Amino acid sequence: MTEIVPVSGPELVTYADELAALLVETVEGGASVGFLAPLDREAAACWWRERAASVEAGSHRVWIARDAERIAGTIGLSRAPLPNARHRAEVAKLMVRPSVRGRGLGRQLLDAVERSAAADGVTLLILDTESGSPAERLYRAAGWTESGSIPDYAADPAGVLKPTTFYFKTVGG
């Protein structure tokens, strides 16, 4: 049984090493989540620990999916900081361990974020992903709408520039 729970800033620091292992594994698997390979595990843990202040301040949220053994996945949500954008938030860093992919965990993480955002009064969610990546199937199946793509937007883990596709979804009322 996998449990999906939000984590506090101090909890994020506690889980930083485990989340770093997930991030390194994700990057080594070729997923474009903002980092280049090879990704040093301590640098990855430091990146997670640096998020703790924004989680504690409420501008960023992180959920983890834990199974009996370890963190199986994670997802984040960042609130827009400007007054005219408080109705929207960005979904980021959806990661699922390769060993548990294909079992619906990515969809469960996405659903948890969507429900939480709607409960917090967010009505518009946005995200981006590497064009042509397996993640695009998940987002489309979950009802996200493609809004366009930009060529050479971000480098993949190997450092090759790739196009990025942007998606949005309305939630709540």
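Trainee: How do the residues of the lining of the largest pocket divide into nonpolar, polar and charged?

Mentor: Keep in mind that this is a predicted model. The lining has 16 nonpolar residues, 11 polar and eight charged.

Trainee: What volume does the largest pocket have?

Mentor: About 940 Å³. In total, 35 residues line the pocket.

Trainee: Which of them lie nearest its centre?

Mentor: Ala-31, Leu-94, Thr-129, Ala-135 and Tyr-139.

Trainee: And which elements give two or more residues to that lining?

Mentor: β4, α4 (105–119), β5 (124–130), α5 (135–141) and β6.

Trainee: Which one gives the most?

Mentor: Strand β4, with seven residues.

Trainee: Let's stay on β4. What is the phi of Lys-93?

Mentor: Positive, about 55°, and Lys-93 is not a glycine. The residue sits in strand β4, which covers residues 88–96.

Trainee: Why does Lys-93 count as partly exposed?

Mentor: Because its relative accessibility is 25%. The partly exposed class runs between the buried limit of 20% and the exposed limit of 50%.

Trainee: What about the phi of Asp-152?

Mentor: Also positive, about 50°, and again the residue is not a glycine. Asp-152 is in strand β6, residues 145–155.

Trainee: On to peptide bonds, then. Which residues does the cis one join?

Mentor: Ala-37 and Pro-38, with omega about -5°. Pro-38 is in the loop between α1 (9–28) and α2 (41–50).

Trainee: New topic: rings. How many aromatic pairs does a search of the whole structure find?

Mentor: Five. One of them is Phe-35 with Trp-47: the ring centres are 5.4 Å apart and the planes meet at 90°, so the pair is edge-to-face.

Trainee: Where do those two sit in the chain?

Mentor: Phe-35 is in the loop between α1 and α2, and Trp-47 is in helix α2. They are 12 residues apart, and the pair links distant parts of the chain.

Trainee: You named Tyr-139 at the pocket. What kind of aromatic pair does it form with Tyr-167?

Mentor: A tilted one, 6.0 Å centre to centre with 50° between the planes. Tyr-139 is in helix α5 and Tyr-167 in strand β7 (residues 161–170), 28 residues apart. Both tyrosines are buried.

Technical notes:
Residues are numbered from 1 along each chain as its sequence is written. This is a predicted model: local features need pLDDT of at least 70, side-chain atom pairs count only at pLDDT 80 or more; totals for chains, interfaces and linings use all residues. Side-chain values use heavy atoms; hydrogens and water are left out. Helices (H or I, at least four residues) and strands (E, at least two) are DSSP runs, numbered from the N terminus. Buried means under 20% relative accessible area, exposed over 50%, partly exposed in between (1.4 Å probe, protein chains only). On a 1 Å grid over the protein atoms alone, a cavity is a set of points where a 1.4 Å probe fits but cannot get out, and a pocket is an open set with protein on both sides within 12 Å along at least five of seven lines; lining residues have an atom within 4 Å of a point. Grid points are joined across faces, edges and corners, and a volume is the space filled by probe spheres set on the points. Ala, Val, Leu, Ile, Met, Phe, Trp, Tyr, Cys and Pro count as nonpolar, Asp, Glu, Lys and Arg as charged, and the others, Gly among them, as polar. Rings of Phe, Tyr and Trp (its six-membered ring) pair if their centres lie within 6.5 Å; planes under 30 degrees apart count as stacked, over 60 as edge-to-face and the rest as tilted.
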